[in-house]
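Thanks for asking me to look over this structure with you. Have the sequence and the 3D view open side by side as you read my notes.

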Amino acid sequence: ALACGTIANEGIYRAPTILKGTKTYQARKIRNGIDHELERRVVSEEAAKQVRRCMIKAMSEDGTGSKAAVPGYTVAGKTGTARKHVENVGYVDGRYVVSFVGFFPAHDPELLGLVVIDDPKAEGIDLYGGTIAAPVFQAMGQKAARLLGIEPDKPEELEKAQEVVDIASAESNETARTR
């Protein structure tokens with residue numbers, strides 16, 4: 001999470017802010033309350049921007065992180081899948097630690113999340129970070145964005161999603177009336 005935060009902050013390391021709740025959360029207060037003396041550059045700005053571009057690309061429809069996409073936001077993310085090591089046995093087939101780390105809005109980050117699932121179990125799903133951890137990030141990201149009042153950087157996606165819901169609702173109502 002700290003490494004990803006450094007990429008989100010264009011190569012500047014900042015100690016993380018951990019929220020205990022949302023009732024009194026105001027992004028501006030937390031952002032303005034940062035102790036800037038603890039900040040330091042650990043990666044060049046250009047290198048951080050290159051990694052961010054790769055992380056955004058990983059979120060495309062054919063990317064490994066596509067299931068973590070949060071409608072209305074440009075997400076930068078990275079999936080992870082590692083075979084699980086069992087002491088005195090070695091790496092075990094079929095047992096994994098999967099993860100997804102990401103932040104959004106990608107070009108002006110306000111929220112970063114890390115999901116790690118140790119030894120996931122699922123029927124009919126490949127056990128990868130993109131199939132197991134990414135959807136958890138998406139669900140948490142959607143709720144967190146709403147609770148924290150994070151403005152979408154792609155509001156047109158939310159409008160399109162609402163249109164689809166409205167059409168589906170209208171079709172459902174029409175089907176119910178014709179029965």
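The points below go from the whole chain to its aromatic rings and then to its nonpolar cores.

1. **The overall layout.** Please keep in mind that this is a predicted model. The protein chain has five helices and five strands.

2. Of the 179 residues in the protein chain, 30% are buried. The chain exposes about 11900 Å², and carbon and sulfur atoms supply 53% of that area. Contacts also reach across the sequence: taking those between residues at least 6 apart, 59% join residues at least 24 apart.

3. A search of the whole structure finds three aromatic pairs. In one of them, Phe100 and Phe137 sit 4.8 Å centre to centre with 55 degrees between the planes, which makes the pair tilted. Phe100 belongs to strand S4 (residues 90-104) and Phe137 to helix H4 (residues 129-148), so this pair ties together parts that are 37 residues apart in sequence.

4. **An edge-to-face pair.** Phe137 also pairs with Phe104: the ring centres are 6.3 Å apart and the planes lie at 85 degrees, so this pair is edge-to-face. Here again strand S4, which holds Phe104, is tied to helix H4, which holds Phe137, and the parts joined are 33 residues apart in sequence. Phe104 is buried, with a relative accessible area of 1%. Together, Tyr73, Phe100, Phe104 and Phe137 form one aromatic cluster.

5. **The largest nonpolar core.** As background, nonpolar side chains in soluble globular proteins tend to be buried together. The largest nonpolar core here has 18 residues, and the members that touch the most others are Ala68, Val70, Tyr73, Val75, Phe100, Phe104 and Phe137. Which elements give two or more residues to this core? They are S4 and H4, and H4 gives the most, with seven residues.

6. **A second core.** There is also a second, separate core of nine residues, including Ala8, Ala48, Phe103 and Ala106.

How values were computed:
Residues are numbered from 1 along each chain as its sequence is written. This is a predicted model: local features need pLDDT of at least 70, side-chain atom pairs count only at pLDDT 80 or more; totals for chains, interfaces and linings use all residues. Side-chain values use heavy atoms; hydrogens and water are left out. Helices (H or I, at least four residues) and strands (E, at least two) are DSSP runs, numbered from the N terminus. Buried means under 20% relative accessible area, exposed over 50%, partly exposed in between (1.4 Å probe, protein chains only). Contact means heavy atoms within 4.5 Å. Accessible areas come from the Shrake-Rupley method with a 1.4 Å probe; for residues, only the protein chains shown count as cover. Rings of Phe, Tyr and Trp (its six-membered ring) pair if their centres lie within 6.5 Å; planes under 30 degrees apart count as stacked, over 60 as edge-to-face and the rest as tilted. A nonpolar core is a set of buried Ala, Val, Leu, Ile, Met, Phe, Trp, Tyr and Cys residues joined through side-chain atoms within 4.5 Å.
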